[in-house]
Amino acid sequence: MSVPLTLLGLLERESSHGYDLKRDYDAYFGRGKPLPFGQVYSTLSRLARDGKVVISDVGPGAGPDRKRYIITDRGATEVEQWLTQPVEPEPHLQTVLFAKVVLALMLDRPAAEYLDTQRSAHLHRMRELTDIKRSGSLVDALLADHGLYHLEADLRWIEMTGARLDALKRTVRP
Amino acid sequence: MTIMIEARNVVFSFGETPALRGASIAVDSGEILAVMGPSGSGKSTLLHCLAGILVPDSGEILFDGARVDSMTETERSSLRRDRFGFVFQFGQLVPELTAVENVALPLLLSGVRRTEALRKAYAWFERLGLDGMEQRRSGELSGGQAQRVAIARGLVAEPEVLFADEPTGALDSLTGEQVMDLLVAAAREQGTTVILVTHEPRVAAYADREVIVRDGRVNAPDRIAS
């Protein structure tokens, strides 16, 4: 899970205070592992230093801090690139995919297209592994099988998520 | 690469129920294409339109530059018999015939002499690891053996396009893999274009490329550079 990019994604939805960002991050992406306040503010500082957010002191949000963070064009471009770029297909990437899908829906981006791009990347890798199976030794074939079954599990998740995008959108964009 | 078969903006409905809503696809000569999509998305209907089994309500089907959708039933029947091959989910072998007669069937229907047809059919049994199965009837074959016979029948007449609809759908993983290995190897050797309908990613991974059919339309992802 990329905390900086996820926070940037939340900021593209609306400018926010650090406290509110942490609350939303924990609600959607924390999964029982809340983001420490220290990490939230250090990340936001780095994003500000790199010109991806700017700070405006409009007033307090739900928490005590007074700094409001606003995403810049550079930050928004980075979010866009991250969302559209398929994740390197490898086992156990569902949490990143999950974050991308939720943020895409929050930002009213074409989540179904992102899933299609990811499916294509997965199938491309599966073709490579299938070629290895067909031309390699039995050991190669078994190793390739291990990768193929994990990628297939991801693809099943992509299919199920694709079928549930409308319901998920209603959940994350009430 | 030249386009072998193509659908242009094809619309097809079963009565009031739309199955294809403007599907377009182009398949290169010698390409193995996987057509994927959820159940009811229209992928089998698209295959049947491409193969001249169904005639679109509108849109065009082109094979080797000729309009299939405007051919007569007799012309489409000749096309299916002489230039296309088919493999379905359940081999659909003729139970009254032996395995070798099943393989020879497309040749016999095309007017090839029986001796010559059987000679060509026999050659496929060794190639597909079916030695000794020639005189068995479909009820005496395992699912994997029957499907290999079906592949031989689909390719024996050296078709330009092989249409395969869920060819491993009724098989276990390992047998399905063996069947796909044989199908792909045989098709490549002959230079046959293959249109493979499947919902299984592991089967689609044998293809050169995949397209997704969703709600009666084709979504062809950008090709990823190797």
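## Two helices that cross in chain A

Let's begin with a crossing: helices H1(A) and H2(A) pass each other in a right-handed way. Keep in mind as you look that this is a predicted model.

H1 covers residues 3-13 of chain A and H2 covers residues 18-30 of chain A, and the two pack at an angle of about 110 degrees with their axes 10 Å apart. An angle from 65 to 115 degrees counts as roughly perpendicular, so H1(A) is roughly perpendicular to H2(A). On the H1(A) side, the contact is made by A:Thr6, A:Leu7 and A:Leu10, while H2(A) brings A:Leu21, A:Asp24, A:Tyr25 and A:Phe29. Sorted by class, the residues of this contact are 5 nonpolar, 1 polar and 1 charged.

Now move along chain A to helix H6 (residues 111-135) and helix H7 (residues 138-163), which pack at an angle of about 165 degrees with their axes 9 Å apart. Angles over 145 degrees count as roughly antiparallel, and therefore H6(A) and H7(A) are described as roughly antiparallel to each other. Their crossing is left-handed.

Which residues of H6(A) and H7(A) meet? Among those from H6(A) are A:Ala112, A:Leu115, A:His122, A:Met126 and A:Ile132. Those from H7(A) include A:Asp140, A:Ala144, A:Leu148, A:Leu155 and A:Gly162. In this contact there are 11 nonpolar, 5 polar and 5 charged residues.

## Chain B as a whole

Chain B contains 7 helices and 10 strands. Its C-alpha atoms fill a box of roughly 45 × 40 × 35 Å along the principal axes. A compact globule of 226 residues would have a radius of gyration near 17 Å, and chain B agrees with this because its own value is 17 Å.

What share of the 226 residues in chain B is buried? The buried residues make up 47%.

## Where the chains touch

Finally, look at the place where the two chains come together. Here 12 residues of chain B are in contact with 14 residues of chain A. On the chain B side, the elements that give two or more residues are helix H7 (201-204) and strand S9 (209-214). H7(B) gives the most, with 3 residues. By class, this side of chain B has 8 nonpolar, 1 polar and 3 charged residues.

Key. Residues numbered from 1 in each chain as written. Chains lettered and ligands numbered in written order. Predicted model: local features only at pLDDT ≥ 70, side-chain atom pairs only at ≥ 80, totals over all residues. Axes fitted to C-alpha atoms, helices over the stretch in contact; angles between N-to-C directions. Helix = DSSP H or I, 4+ residues; strand = E, 2+ residues; numbered from the N terminus. Parallel < 35°, antiparallel > 145°, perpendicular 65-115°, else oblique. Left-handed = near helix turned anticlockwise from the far one by under 90°. Contact = placed C-beta atoms within 7 Å. Nonpolar A, V, L, I, M, F, W, Y, C, P; charged D, E, K, R; others polar. Rg over C-alpha atoms; globule rule 2.2 N^0.38 Å. Buried ≥ 20, exposed ≤ 12 C-beta atoms within 10 Å, placed from the backbone.
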